[in-house]
Amino acid sequence: MSPITEVEGRRIALKNLDKVIHPATGTTKGELLHYLASASDALLGHLHGRPLAFLRYPDGPDGQMFFTKNPPPGTPSWVTTADVTRHEGETARQVLVQDLASLMWAANLVVEFHAPMWRIDLGEGIADRLVLDLDPGPPATIVDCCGVALWLRERLRADGLTACAKTSGSKGLHLLVPLEPTPSRRTTAYARSLAAEAAAALPDLVIRKMTRSLRTGKVYVDFSQNAAAKTTAAPYTARARPEPTVSTPVTWDEIEETAEAEGSDGSGPLVFRIDDVPARLERHGDLLAPLLDPGRAHPLPAGDHR
């Protein structure tokens, strides 16, 4: 029988806790759940109110992986769901992880958490944050991403916007900006213009087109995840990688130090695993807390961002 645990008054059947999920480190499913519980105070703030997509990898990154927005079979009635518009105006239910019990239920499925840039209470497609995904094309590394991030930070600052940063948990960086509620089509257009400016200012380093054949040695500035239908790996989610790396908030001092690490192969800087994050939370708190503070949100600059 699966052990039953009670979380905030909810009974959850936890399965296969000794199963190794991340083979490179021997990390078990139980250790993943323990990490998520330890990071839950910070993580839940960034999931709350956002209809989620799950990348499930129940047999680890070498097994079957599948992306789903529908509530999984057997979703308990106490897990919050909401109607979200899909293709051609049809609606479908998606999960909202609003509390620790729901987090532990979802974690038992072994998932990456992916969230949109909008919250259900603001209205579908009304963004309260903007994201820029900096993705290095080998031999470019996260060192190059940090150089691009510093340029984008100053460009955003010129428009009265303040960027926070986190690792993707894979090989790149995400920049996140708190916004006053703004239609996703406007945030997408604005992010597209920033990507174009970065490519023009840093032509040897930045590319704004998705074409993989053009991305060798450059950093792709992906603006597309601002679209209402898109999602991005949530802060503090563990990723489906051989090692249990985490999408981890970082300081701008860390980014500056990494950008200056010329000659690095990118294998070491700004890589954080589940064992690293609790100590970082104790030391720094939630570095992405400004995203949750309405007082830190600002409007997009005036312009034709439609």
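A residue is called buried when its relative accessible area is under 20%, exposed when that area is over 50%, and partly exposed in between. With that in hand, we can walk through this structure, which is a predicted model.

Let us start with helix α2. In α2, the residues S40, A42, L43, L44, H46 and L47 are buried. That makes 6 of the 8 residues in the stretch 40–47, so α2 is largely enclosed by the rest of the structure. What do the buried residues of α2 pack against? Their partners are the helices α1 (29–38), α3 and α7 (277–284), together with the strands β9 (111–115) and β10. Just after α2 comes G49, whose phi is positive, at about 80°.

Helix α3, one of those partners of α2, covers residues 100–107. Here 7 of the 8 residues are buried, so α3 too is largely enclosed by the rest of the structure. The buried residues of α3 are A101, S102, L103, M104, W105, A106 and A107.

As background for looking at any helix, an α-helix has 3.6 residues a turn, so residues three or four places apart point the same way.

## The chain as a whole

Now let us step back. The chain has 7 helices and 16 strands. Its radius of gyration is 19 Å, close to the 19 Å that the globule rule gives for 306 residues, so the chain is as compact as a globular protein of that length.

How much of the chain is buried? Buried residues make up 52% of the 306 residues. Among contacts with a separation of 6 or more, 70% join residues 24 or more positions apart. The chain exposes about 13700 Å², and carbon and sulfur atoms supply 49% of that area. As for charge, there are 33 positive and 38 negative charges, and their mean positions are 6 Å apart.

## Two cysteines side by side

A disulfide is a covalent bond between the sulfur atoms of two cysteines. How many disulfides does this model have? The count comes to 0. C145 shows the reasoning well: the closest cysteine sulfur, in C146, is 6.9 Å away, too far for a bond, because a disulfide requires the two sulfur atoms to be within 2.5 Å. C146 is likewise in no disulfide, with the sulfur of C145 as its nearest cysteine sulfur. C145 counts as buried because its relative accessibility is 0%, and C146 is also buried, with a relative accessible area of 0%.

Leaving aside neighbours within four places in sequence, A259 is in contact with V143, C146, G147 and L150. A259 is partly exposed, with a relative accessible area of 22%. The C-alpha atom of A259 is separated by 16 Å from that of Y220, and these two residues are 39 apart along the chain.

## Backbone details worth a look

Most residues other than glycine have a negative phi, and most peptide bonds are trans. Against that background, a few places in this model stand out.

E8 has a positive phi of about 50° although it is not a glycine. E8 sits in the loop between β1 (4–7) and β2 (10–13). Y236 also has a positive phi, near 75°, and is a residue other than glycine. The loop that holds Y236 runs between β15 (232–233) and β16 (249–250).

The peptide bond from P138 to P139 is cis, with omega near 10°. Where does P139 lie? P139 is in the loop between β10 (126–136) and α4 (142–158). Beyond its neighbours within four places in sequence, P139 is in contact with T216 and G217. The C-alpha atom of P139 is separated by 35 Å from that of G30, a residue 109 places away along the chain.

| Residue | Relative accessible area | Class |
|---|---|---|
| E8 | 55% | exposed |
| Y236 | 2% | buried |
| P139 | 67% | exposed |

Note on methods. Residues are numbered from 1 along each chain as its sequence is written. This is a predicted model: local features need pLDDT of at least 70, side-chain atom pairs count only at pLDDT 80 or more; totals for chains, interfaces and linings use all residues. Side-chain values use heavy atoms; hydrogens and water are left out. Helices (H or I, at least four residues) and strands (E, at least two) are DSSP runs, numbered from the N terminus. The radius of gyration is taken over C-alpha atoms; the globule rule is 2.2 Å times the number of residues to the power 0.38. Buried means under 20% relative accessible area, exposed over 50%, partly exposed in between (1.4 Å probe, protein chains only). Contact means heavy atoms within 4.5 Å. Accessible areas come from the Shrake-Rupley method with a 1.4 Å probe; for residues, only the protein chains shown count as cover. Lys and Arg count as positive and Asp and Glu as negative; His and the chain ends are not counted. The place of a charge is taken as NZ of Lys, CZ of Arg, CG of Asp or CD of Glu.
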